[in-house]
Amino acid sequence: MEKLQSDCPCRECFFCVMKESNPSKRRSSIRKFFRDLPNQDSDGQVLPISGIWNTAMSHPNDPEFLNLGLFDCMASLIWKGLKNRRWLSQDQNIYIPYYAAHIIGSYTMNLEEFAQIAVQAGVIPPLVELLRGRLTWVEQRVAVRALGHLATYPSSFPAVAEQGEILEIAIQLASSSLEIVYSHFYKSVERRPGYHCDLLTRGMGGVEMENRKAEEWASQLQCWSLQLINCFAFKSEYLSDICTPGFLTELPGMWGGLVNESSPAGVGLLRTVCQHRIGRGAVAECEGVVEALCNIARSSDDWQCMAVDCLLWLVQDPNTCHKVIDKVAETLIDLSDITSLGDHKRLGETIISTLQSLPLPPNTSPSNRTQQLLDELALSLNKSKLEKSLPKEDLRIKQAASLVIKLEGNSLFSSGNIAGAAKKYSEALEISPSKSKRERVVLYSNRAQCYLLLQQPYLAISDSTKALSMHTPINRHAKSLWRRAQAYDMIGLAKESLLDAILFINACTGSAVDQELRNGGSSKVPDYAEKLVKKQMGKAWLFREAAMKHGGVSGDGFLGLGLGLGFGQDGEDSEWETASESDDDEEGNDEGIGETDVYSSKRKGTNHGFNSLIED
């Protein structure tokens, strides 16, 4: 440990105290520093606070400061900033409430014993005042983060819940956070508070970086509000306040954006809500929420498994099954070939067993359409069972017959007979052995392409999802991702389309890298995929609704998302169609239909929109 410098202007400053080599003197001096700091009005107080913040970020499990009065000091500094606006406006004191709340949150995010010390020090009341918006949204963000950590632990949750309005404030903040950040910061560059810009960029960037960070922080403000609400949702007595139709309907749209993929956001809260019968009852009454859960379950969302959990629990509950079965049966059947997803190691089997034993009330039955789907599932399962007893030669014959029919479908597709091709692919699926997964993936994906061209996007989504569920690894069959991305675009679901398109690009560039390296070139994002991603990034932009409300939508505002895909700046919207081009499938022997757009086909001189197919 370094010794004190003889020329230090203040022998009791925080940085000199930290250099004290005598442990007893060091602890005594730190305790005195924390006790005296809130009572001082001298300049330069933000420097030691930022030093403590750095320590909290790098060593959040170190108890040294906590036992010496750190939390009491931080709580007092927040109160001082709230009550003494003259002091807050001096020097750089405007930063102190932010850092103080951030320090509390960092030290309480991992260990329950630290949270107990914080509660005893009285940090909750000043944090709640910041949460109310007594200062700005920047302080609200770190306050809700800290309160979310405190509410996570059983021993400190009651102290948080005692603050009567905290759940109501968190719900309001989750609903309005994006608009707050847009209207108070993003919208007017020239009116942005200087300390906001400094905190966002650490003084290392201009307007573009400020925009990106503002979007990231707005997403965190919303997601951390949802995390705080989630702590209350585990307690049944709070579900009636959470499960209002208006708020539940908003939750599927709270997805964190591309800038905050680590948070389950709205679907995470819905999953917690659906674990209780009160929550399931409320969700079942919201048709739009159930439909949104189906869309998330059939998407490339990182939290797809949470949406599937919600659907299964709704179907397994006798009180809600009859209300939702007609809405969710097709989605669950499309996913029934999944082997594992998230923590589910036998998800497909769970889905099938659930659909085979629906807890419907007496004299209640599914719709004719749903019953037809359930009957088809039963026939498919029976087919798989019978195939187990067939000789291998018979299965090879079936597989060969399926291949012949598929080739007939390919020929019809190439000649422009799309409906005929779809029928042939259906016939091939009926014959193809259930264990021929790779062949069935191709057939479903090819039929999805036909449905796209026949303007039947819902059928295309269903078939693409079946192909992606069968594929190994799950959700990584590039052509099916692209076809589902286009189908979701056709029905106006920008987020789902965007996520599928991004995975498609990753699959294309990933599979192309090795080939290009061998050829001495570089991989390139397909033009048609680039256009679709640009279009959907604009429509799925986190601030889009707020910008439309405040009249500030700009053509390139969404480019701040920063995917790093190497896109240009010309992102006009265009109508999307599909055609086929000669291309090898990523699986080597996959004889599927290629993907491009009609404009590419016209540039290549074709006049019918369809190119010949490649057969390996």
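Which helix gives the most to the lining of the second largest pocket? That helix is H18, with six residues. The structure is a predicted model, in which local features need pLDDT of at least 70 and side-chain atom pairs count only at pLDDT 80 or more, while totals for chains, interfaces and linings use all residues. Residues are numbered from 1 along each chain as its sequence is written, and side-chain values use heavy atoms, with hydrogens and water left out. The protein has 31 helices and zero strands, where helices (H or I, at least four residues) and strands (E, at least two) are DSSP runs numbered from the N terminus.

**Overall fold**

- Of the 616 residues of the protein, 54% count as buried, a term that stands for under 20% relative accessible area, with exposed meaning over 50% and partly exposed in between (1.4 Å probe, protein chains only).
- Among the contacts (heavy atoms within 4.5 Å) with a separation of 6 or more, 70% are made by residues 24 or more positions apart.

**The second largest pocket**

- About 920 Å³ of space lies in this pocket, and of the 30 residues that line the second largest pocket, Glu250, Gly253, Met254, Trp255 and Glu545 are the closest to its centre.
- A pocket is here an open set of points on a 1 Å grid over the protein atoms alone, where a 1.4 Å probe fits, with protein on both sides within 12 Å along at least five of seven lines, and lining residues have an atom within 4 Å of a point.
- At least two residues of the lining come from each of helix H11 (166–186), helix H15 (245–250), helix H18 (287–297), helix H28 (494–519) and helix H30 (544–549).
- The lining divides into 14 nonpolar, seven polar and nine charged residues, with Asp, Glu, Lys and Arg counted as charged, Ala, Val, Leu, Ile, Met, Phe, Trp, Tyr, Cys and Pro as nonpolar, and the others, Gly among them, as polar.

- Ser300 is found in the loop between H18 and helix H19 (304–316), and Ser300 counts as buried because its relative accessibility is 11%.
- The side chains of Ser300 and Asp500 are joined by a polar contact of 2.3 Å, that is, a pair of N or O atoms within 3.5 Å of which, within protein, one must be able to donate a hydrogen and the other to accept it, residues adjacent in sequence counting only if both atoms are side-chain atoms.
- Leaving aside neighbours within four places in sequence, Ser300 is also in contact with residues including Leu481, Arg484, Leu499 and Leu503.

- Helix H23 (residues 392–414) has 23 residues and reaches 33 Å from its first C-alpha to its last, close to the 33 Å expected at 1.5 Å a residue, the expected span being 1.5 Å times one less than the number of residues.
- The buried residues of H23 are Ser402, Ile405, Lys406, Gly409, Asn410 and Phe413, and what covers them includes helix H24 (418–431) and helix H25 (437–453).
- H23 is followed by Gly416, whose phi is positive, near 95 degrees.
- At the start of H24, a side-chain oxygen of Asn417 reaches to within 2.9 Å of the backbone nitrogen of Gly420.
- Glu439, found in helix H25, counts as buried because its relative accessibility is 15%.
- Leaving aside neighbours within four places in sequence, Glu439 is in contact with Ser402, Leu403, Lys406 and Ser432.

Notes
Points joined across faces, edges and corners; volume = space filled by probe spheres on them.
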